[in-house]
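I opened a structure that was new to me. These are my notes on what I looked up, entry by entry.

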Amino acid sequence: MILVTGGAGFIGANFVIDWLAATGEPVVNLDKLTYAGNPENLASLANNARYIFVKGDICERALVDALLTRHHPRAIAHFAAESHVDRSIHGPAEFIRTNIEGTFTLLEAARAYWNTLTGEQRDDFRFLHVSTDEVYGSLGPHDPPFAETNPQQPNSPYAASKAASDHLVRAWHHTYGLPVLTTNCSNNYGPFQFPEKLIPLVIANALAGKPLPIYGDGMNVRDWLYVGDHCAAIRAVLNAGQVGETYNIGGWNEMPNLTIVKTICALLDEMKPDPAGRYERLITFVADRPGHDRRYAIDARKIERELGWRPAETFATGIRKTVRWYLEHQDWVAHVQSGAYREWLARNYGARQ
Ligand code: NAD
Ligand code: TYD
């Protein structure tokens, strides 16, 4: 079996569902259930005997030790993190705690556990750390995309905390020999993404007839990766990645934010027309994010060359599936738009008008 951390969040939940469907190998999911963790994401596994949920904090060493001893996983896939750049600007402390101290705690627990293993079990054990392209900093318009060899130049508190965790993972391999793998991926989108991130926020606001907030001039560029493709990439790295190596994972889909938002509006015009007019009328330019990285782009040739992975979705196919999923899961959206979510909207957007 494998131990997943953060499996009740957006990517983690997609990964757990995808993993059980693709491999059938049991999963223990350790998740603190912060505002971003939602057990409803895993409701489809309620009667699955191969899935075990444990509510808890990755910073709690005794808990992690107990889980490793009890379940004896052959791998740890580490997704748990504070993951939203805007929240890291308003309050970085939790990012330092979970992303840095939490990863440190897991590494130490994994090292102690790995040292108890022998023979094939010891050789086969893997610690897979899920990270982000944001650790590489920001690109100019003509720079080549991020390769694994790029220096890390994080700019936001979130990116700095993830870069710190990448360094810890690297050092635990170099110093202690822990068999680690690191993946740095671009912006994910797809089912179960919390509606504070650009794509689900725009879908939810459009359907509610609310403004679609675009930071700055809307020309910041991101690479967009469909979450199902990301899950397949992580499986490939876990199966055949070379220990100690880093793999960049991207969708080959570089696009400015304004194009993303207009694409969503056009899909909604087609799938759920609004009698009041075209959704684009709701686009509203607001004050920029402080230190807003201008461009991210991923060179995903290494994972293709070494592991044969390439994204199956184009942006056109992935975004269509995503918009359809949100239209069909309005209850899910309504449930996560709790009081805490409304407080966040007031805090983040109140001062941007
Ligand atoms: P998310 O915020 O949706 O989910 C994070 C999950 O971690 C939640 O279920 C939360 O409850 C859990 N968690 C937080 N703190 C915890 C703690 N101390 N102990 C245990 N569980 C805790 O995040 P996501 O978008 O699914 O991202 C998953 C991983 O992928 C993160 O490491 C993130 O940095 C990385 N990543 C995400 C993206 C993206 O576009 N979403 C892009 C690149 C990298
Ligand atoms: P986001 O989804 O927060 O991901 P990240 O900051 O990790 O890339 O934002 C994606 C892009 O969209 C980023 O350039 C910021 C921009 N953005 C807006 O223009 N308006 C919004 O309301 C949000 C949440 C993001």
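**Entry 1: two loop residues**

I began with L33, which is found in the loop between β2 (27-31) and β3 (51-55). The strands (E, at least two residues) and helices (H or I, at least four) are DSSP runs, numbered from the N terminus. I am reading a predicted model, in which local features need pLDDT of at least 70, side-chain atom pairs count only at pLDDT 80 or more, and totals for chains, interfaces and linings use all residues. Residues are numbered from 1 along each chain as its sequence is written, chains are lettered from A and ligands numbered from 1 in the order in which they are written, and side-chain values use heavy atoms, with hydrogens and water left out.

I looked up the backbone of L33. Its phi is near 60°, a positive value in a residue other than glycine. Most residues other than glycine have a negative phi. Is L33 buried, exposed or partly exposed? L33 has 24% relative accessibility, so it counts as partly exposed. For this term I used the range between buried (under 20% relative accessible area) and exposed (over 50%), with a 1.4 Å probe and protein chains only.

W252 also went into this entry. W252 has a positive phi of about 55° and is not a glycine. I found W252 in the loop between β10 (246-249) and β11 (254-256). With a relative accessible area of 36%, W252 is partly exposed.

**Entry 2: ligand 1**

Which residues come nearest to ligand 1? I noted I11, D31, S83, Y158 and K162, out of 29 residues around this ligand. A residue is near if one of its heavy atoms lies within 4 Å.

Next I looked up polar contacts, pairs of N or O atoms within 3.5 Å; within protein, one must be able to donate a hydrogen and the other to accept it, and residues adjacent in sequence count only if both atoms are side-chain atoms. A polar backbone atom of G9 is 2.9 Å from an oxygen atom of ligand 1. For F10, a polar backbone atom is 3.0 Å from an oxygen atom of the ligand. A polar backbone atom of T34 is also 3.0 Å from a ligand 1 oxygen.

How much of ligand 1 does the protein cover? I read 97% of the 840 Å² of accessible area that the ligand has on its own. Such areas come from the Shrake-Rupley method with a 1.4 Å probe; for residues, only the protein chains shown count as cover. The elements giving two or more residues to this shell are α1 (10-23), β5 (126-132), α6 (157-176) and β7 (187-189).

**Entry 3: ligand 2**

I then turned to ligand 2, with 17 residues around it. E134, R222, R289, H292 and Y349 come nearest. A polar side-chain atom of R289 lies 2.6 Å from an oxygen atom of this ligand. An N or O atom in the side chain of H292 is 2.7 Å from a ligand oxygen. L198 uses a backbone N or O atom, which lies 2.9 Å from an oxygen atom of ligand 2.

The protein covers 97% of the 520 Å² of accessible area that ligand 2 has on its own. α7 and β8 are the elements that give two or more residues to the shell. β8 gives the largest share, three residues.

**Entry 4: aromatic rings**

How many aromatic pairs does a search of the whole structure find? I noted 19. Rings of Phe, Tyr and Trp (its six-membered ring) pair if their centres lie within 6.5 Å; planes under 30 degrees apart count as stacked, over 60 as edge-to-face and the rest as tilted.

F192 and W325 form an edge-to-face pair, because their ring centres are 4.9 Å apart and their planes at 65°. F192 lies in the loop between β7 and α7 (198-207) and W325 in helix α11 (residues 315-328), so the pair ties together parts that are 133 residues apart in sequence. F192 is buried, at 15% relative accessible area. W325 is buried too, at 11%.

Y215 and Y349 make a tilted pair, because their centres are 6.4 Å apart and their planes at 40°. Y215 lies in strand β8 (residues 212-215) and Y349 in helix α13 (residues 339-349), so this pair ties together parts that are 134 residues apart in sequence. Both Y215 and Y349 are buried.
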